[in-house]
Amino acid sequence: MFSFAKKDNQLNSSICNYNQQYGAGLKFPEGFLWGAASSAHQTEGNNTNSDWWAWENSREREAELRAKGLDPEEYKSGMATDGFNRYDEDFALANMLKHTATRISIEWARIEPKEGQFNEQAFMHYEKVLQSAKFYGLKTFVTLHHFTNPLWFAKKGGFEKTENVEDFVRYAEKVAERLNEYTDFWLTINEPQIYASMSFLQGIFPPQKKNPLLAYRVAKNLVLAHNLSVPKMKFFSHSPISMAFHLADVVANTKFSQIPAKLADYFSNEYFLKHTIKFCDFIGVNYYFHHHIGWLGGRRKSLSHHIETDLGWGVHPEGLEKVLLKLKKYKKPIYITENGLADKQDLKREKFIEDHLFYAHKAILAGVDLRGYLYWSLTDNFEWEKGFAPRFGLVEIDREDLLKRRVRFSAIKYAEICDNNELITDN
Ligand code: BGC
């Protein structure tokens with residue numbers, strides 16, 4: 001196992017104790033799914049009919065980037081990874097890397113380019129994509145909304161308006177009808193809390209609004225969109241449905257920040273679960289963060305010994321166990337639908353995955369019904385407002401050389417875990 005210069009003593013001694021109890025090989029339950037996740041806009045390329053494309057290419061955005069001394073071209077999704085054409089190659093790689101599952105998203109802007117008009121070619125395209133995943137033996141997790149919207153939907157106010165929710169429901173129903181044969185798991189909306197907050201509270205994602213009341217209204221409408229879609233989708237598909245919940249490990253910095261920490265925990269973790277759980281057959285968990293909350297806001301770093309990713313995000317694998325244990329009360333199967341890091345040099349990825357799996361396994365032994373793990377992401381891709389610089393992929397995309405795929409060392413180590421359904425710890 002890879003070790004860091006800065007030794008992670010707490011984790012090592014915890015692994016040691018654990019091994020004495022359970023042995024060095026941590027077996028995962030039979031049938032546990034292994035794989036990686038991605039989304040349409042971040043990989044497909046040429047998603048020209050979406051609000052993100054319009055924003056990336058707008059004069060305002062270009063000017064904003066130039067003013068910061070940045071090159072706007074680096075912040076346009078453009079061809080992304082050309083996943084629209086190279087999906088077969090990517091699934092073949094996933095298969096070679098011993099994955100048994102994949103998570104992709106369907107691009108609403110392609111399926112319904114004009115309001116109420118569904119595009120048959122787009123459906124046929126996604127049928128081929130999902131058939132290819134099946135050909136390579138992958139169970140499919142299909143997300144319907146991963147941050148992007150069709151332009152027409154954004155123009156009429158998107159999820160800001162409750163009356164527009166029915167547009168999403170119609171789309172969800174149609175996709176369930178057309179793609180049910182190839183979809184094993186549905187995820188209606190990816191990280192509703194992140195979408196509502198980044199687009200309507202923090203003003204980072206389009207439409208870059210900063211309005212707490214609006215963000216709250218969007219949050220409510222996303223809940224409604226999920227809850228109204230599920231019964232309609234179930235008419236056509238028996239596959240289990242969830243949202244992909246962004247769940248963080250939130251702690252108070254001091255005893256004086258207990259209240260803000262509780263509020264942050266409620267809005268970032270509890271709110272969406274509480275209001276949609278009745279309409280979820282399983283729980284999709286995206287885990288990245290450990291939040292320390294003080295009176296004047298929080299930070300994403302722990303004060304402890306942990307390392308940071310290329311984006312400065314503190315790595316805190318213990319938090320995954322805490323997050324999973326809290327979900328036990330819902331008595332639903334759980335899949336980790338995202339967990340990953342930006343690590344261009346691939347120096348930290350192997351240990352990152354192993355440590356998170358160590359804590360996921362602990363949660364399983366404590367009775368959590370965890371059934372799968374999807375690393376974010378299969379390949380490097382378009383990291384939203386941060387452009388192409390952050391590298392999350394198990395597979396590197398060479399942007400200087402025809403978007404060639406190069407398998408990273410950590411991907412091979414992860415493949416061993418997937419293949420054996422077991423994590424070998426060496427302490
Ligand atoms: C999102 C992904 C994103 C990843 C890394 C998740 O919150 O679902 O789209 O690329 O985080 O930032």
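**Chatting through the ligand site and a few buried spots**

By class, the ligand's shell is made up of 6 nonpolar, 3 polar and 3 charged residues. Keep in mind that this is a predicted model.

Me: Which residues are around the ligand?

Reply: They are Gln42, His146, Phe147, Asn190, Glu191, Tyr288, Trp313, Glu338, Trp376, Glu383, Trp384 and Phe392.

Me: OK, and how far is the side chain of Glu191 from an oxygen atom of the ligand?

Reply: An N or O atom in the Glu191 side chain sits 2.5 Å from a ligand oxygen. For Asn190, a side-chain N or O atom is 2.9 Å from an oxygen of the ligand. Trp376 has a polar side-chain atom too, 3.2 Å from a ligand oxygen.

Me: How much of the ligand does the protein bury?

Reply: The protein buries 93% of the 310 Å² that the ligand exposes when taken alone.

Me: Now the cysteines. How many disulfides does a search of the whole structure find?

Reply: That search comes back with 0 disulfides.

Me: Is Cys280 buried or exposed?

Reply: Cys280 counts as buried, because its relative accessibility is 1% and the cut-off for buried is under 20%. Cys418 is buried as well, at 6% relative accessibility.

Me: One more place: where is Asn421 found?

Reply: Asn421 is in the loop between helix H15 (409-420) and strand E15 (422-424).

Me: What does the side chain of Asn421 make a polar contact with?

Reply: With the side chain of Trp34, at 2.9 Å.

Me: Which other residues is Asn421 in contact with, leaving aside its neighbours within four places in sequence?

Reply: Besides Trp34, Asn421 is in contact with Leu26, Lys27, Phe28, Pro29, Glu30 and Phe32.

How values were computed. Residues numbered from 1 in each chain as written. Predicted model: local features only at pLDDT ≥ 70, side-chain atom pairs only at ≥ 80, totals over all residues. Heavy atoms only, no water. Disulfide = S-S within 2.5 Å. Buried < 20%, exposed > 50% of the residue type's maximum accessible area, 1.4 Å probe, protein only. Near = heavy atom within 4 Å. Polar contact = N/O pair within 3.5 Å; in protein donor to acceptor, adjacent residues only side chain to side chain. Areas by Shrake-Rupley, 256 points an atom, 1.4 Å probe, with all protein chains shown as cover. Nonpolar A, V, L, I, M, F, W, Y, C, P; charged D, E, K, R; others polar. Helix = DSSP H or I, 4+ residues; strand = E, 2+ residues; numbered from the N terminus. Contact = heavy atoms within 4.5 Å.
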